[in-house]
Amino acid sequence: METLLRDAVAAAGGEKIRALKVRVGPLSGVVVDALRFAFESMAPGTAAEGARLDVVETRPEFRCPDCGCLYETPVGAYRCPGCGSARGELAAGNEMELESIEVQ
Ligand SMILES: [Zn+2]
């Protein structure tokens, strides 16, 4: 969260931030409530003070190295629906990144 906040403040270029949109993947290990709490404790005194925090929870996505398809699957069932390969590589789902900010 500290890095996200720093990135957001830098991106705002001195403007006051009205809202931040953050993408969080289910495999990132980030707990949304903890993220909000961290934001609320860190934002005061920065350009993001009083800003709204929008959290977008993404779904895990896998790419199959055998047939190349991209698929979503519940955690724990990493099997390609195209060819049945269990060698799928995580393509998304462990991210925590700043998607956008709104400034005033
Ligand atoms: Zn496949």
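In which sense do strand β3 and β5 pair, and over how many bridges? Strand β3, which covers residues 61-63, pairs with β5 in the antiparallel sense, and this pairing runs over 3 bridges. The views below come from a predicted model.

View 1. The whole chain, with its helices and strands. The chain holds 2 helices and 6 strands, and, read from the N terminus on, its elements follow the order α-β-α-β-β-β-β-β. The radius of gyration of the chain is 17 Å, whereas the globule rule gives 13 Å for 104 residues, so the chain is more spread out than a compact globule. The open sheet of 3 strands. The strands of this open sheet are arranged in the order β4-β3-β5, and their pairing is antiparallel. Its edge strands are β4, at residues 70-72, and β5, at residues 89-92, each of which pairs on one side only. When direction is ignored, neighbouring strands of the sheet are turned against each other by 40° on average.

**View 2. The pairing of β3 with β5.** Here the antiparallel pair formed by β3 and β5 is joined over 3 bridges. Within this pairing, glutamate 61 has alanine 92 of β5 as its bridge partner.

**View 3. Burial and contacts in the chain.** Of the 104 residues in the chain, 19% are buried. Where contacts link residues at least 6 apart in sequence, 71% of these contacts join residues at least 24 apart.

Notes. Residues numbered from 1 in each chain as written. Predicted model: local features only at pLDDT ≥ 70, side-chain atom pairs only at ≥ 80, totals over all residues. Pairing = 2+ DSSP bridges. Helix = DSSP H or I, 4+ residues; strand = E, 2+ residues; numbered from the N terminus. Axes fitted to C-alpha atoms, helices over the stretch in contact; angles between N-to-C directions. Rg over C-alpha atoms; globule rule 2.2 N^0.38 Å. Buried ≥ 20, exposed ≤ 12 C-beta atoms within 10 Å, placed from the backbone. Contact = placed C-beta atoms within 7 Å.
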